[in-house]
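Let's walk through this model together, from a pair of helices to a cavity and on to a few backbone details. Keep the viewer open as you read.

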Amino acid sequence: MFKCLIKTLGVDKNASQRDIQKAFHKLSLKYHPDKNKSKNAQAKFSEINNAYEILSDEEKRKNYDMYGDEQGNSRFEGGGPGYGSSHFNFGGPNSEHFTFRQGKSQGRSGRESFQHFTSSFQEDSTGSNSFTFNFGGSSFMGDFASNFFGSGKSGQGNGNPFASSSGSQGGAKSGFWNNQASQHSYQIQVLDAKNFKQKVTDQGLTWLLMFYSPLSKGYQELEGTLDQIANSFQGVVKVGSINCQIQQKLCKDQNVWPQKTPKLYVYSIRSNGKGSMIEYTGEWNVKDVKNYCLDLLPRFSKRIDSNDINDLLKASHKLPRVLLLTTKKQTPAIWRVLSGLYYNRVLFYDVEVADASHPIARKFAVKALPAMIGILSNGEVLVLASGSGFEKLGSQKVEELGKLIENLKRRNLEVSDSKTNSQSNQGAKGYISTLTKENEDMLCGEDTPLCMFGVFRSSKGKEKVKTILKAVSQKTLTRGGKQFDEVKDPISYSIVDAAKQKAFLLAFDKAGFKGMDAFLVAYKPRKGRSAIHEGPLTIEHAEMFISGVLNGDVQFTKVLRKPELS
């Protein structure tokens, strides 16, 4: 049905968006009223613009082909002044026939020249022409309707930002991260007011944008340069064009109006998390424009060194963290792209290491570089990827790494839920955990006001301290004669295996409490001070010790060094 539009632009029915764009540019220059003074130039120019506006938009093109109207009415009806109404009746979900009825044409002139279905039909009782198709099975009818109305799965999805595109919609074919490898054709995407907001504004992506009008000098030459850039970036940096002659409001909203020459802008996410456009004023060559785009990629990954690794692992944070071990002296471009996509959802870090023998690589048991390390909110460390290749700039690589980050986010959410449940169990049911390196941040992190450890050396000692702390944790304690509010100033209770945590205990005592089987340690992480209960250990003695700690009657001393669990 869009044969007339194809004919208007003089292109083949299977023409690509690039072919359509070239044809439009050529014809718009030829028939522009400012250059062409013939009587029909204005009408021809309007016809060309209308054809291009529909054919350059995949959705409008599909609707026009299907309905004869780029708006695409929900019912299959092409009525209105100038055209006859055509009605399709499918007769219900189990029907094996449908009826077509052609209404009488009202007859009017218009600039569109739609193609109509014409034939001789038997006149029904309404005075309209109608006919009925009968099919031998409802499945055929269902397939026909599905294909006819485009209700299948093709073309649907939830917006993979790196899927290949051919046209202004440029959308993904399936899913946020497309699981199917495809042959990409990275073309310039034609943008309008609608998809500019959907694709460009604050989406975390970097765009190279050309604003032009058909009269802009040199825009075709620049377009060829942008084609090369689009393919070299492989979709990681998107490339788009905006025809300001058609999209006047969009260009006005962006405060851009190309007069004599087209204008190039790079849209990128800045330090405040918001996107902004920065004009490129250099030479129009591939190398310079590419370098300018790369320089403006997001910079949300923090470059750290060897001395920061331990602090990074010990730090408690609600968001998951990813660390890139790289041989590069600067943060790789692909890591910067990812840091923009996951801004405020994942924290990014990178560190330079010479090779796999570097102490940092050995610390994470990494055997090949580069390597991608994930750190959960509970301190758990995961090696997400390692080996050559994944630092290369390309949308498929971004997709692959994006899937790993999505999995890390889900895992972190599970850990956070588990942490909440554990804390709830501990407060409400007297649940006592064994303190380990994995749960240290949760049970005795820097934000915990007071940690109470029950230390044991034997199975008998373990049962003793666990029973005592369980009983005490469920009782109401007092501070200065007033009821102690554990919600505002909580105590964290846990038990410590002295045989496995010798180095940890040496931070509190030079001898590591040798000869003691079961005892209590009160520790204030914020102040780095501790107190020990070494006397008889019963529930009553534990209550007295903890109450004394809360009331300030127990003397605390500075720890010998920061306790570290193994």
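Angles between axes under 35 degrees count as roughly parallel, over 145 as roughly antiparallel, 65 to 115 as roughly perpendicular, and the rest as oblique. The axes themselves are lines fitted to C-alpha atoms, for helices over the stretch in contact, with angles running from 0 to 180 degrees between N-to-C directions. Helices (H or I, at least four residues) and strands (E, at least two) are DSSP runs numbered from the N terminus.

The model is predicted: local features need pLDDT of at least 70 and side-chain atom pairs count only at pLDDT 80 or more, while totals for chains, interfaces and linings use all residues. Residues are numbered from 1 along each chain as its sequence is written, and side-chain values use heavy atoms, leaving out hydrogens and water.

Start with α2 and helix α7 (residues 219-233), whose axes come within 12 Å and cross at roughly 170°. The two helices are therefore roughly antiparallel to each other. On the α2 side, the contact (heavy atoms within 4.5 Å) is made by R18, Q21, H25 and L29, and on the α7 side by Y219, Q220, E223, G224 and D227.

Helix α2 (residues 17-31) also supplies the largest share, 3 residues, of the lining of the second largest cavity.

Next, look for the disulfides (pairs of cysteine sulfur atoms within 2.5 Å), of which the structure holds 2. One joins C244 to C251, with 2.0 Å from S to S, and this link is left-handed, with -90° about the S-S bond.

N344, in the loop between α11 (333-341) and β12 (347-352), has a positive phi of about 70° although it is not a glycine. P370 sits in the loop between α12 (359-363) and β13 (371-375), and a cis peptide bond with omega of about -5° joins L369 and P370.
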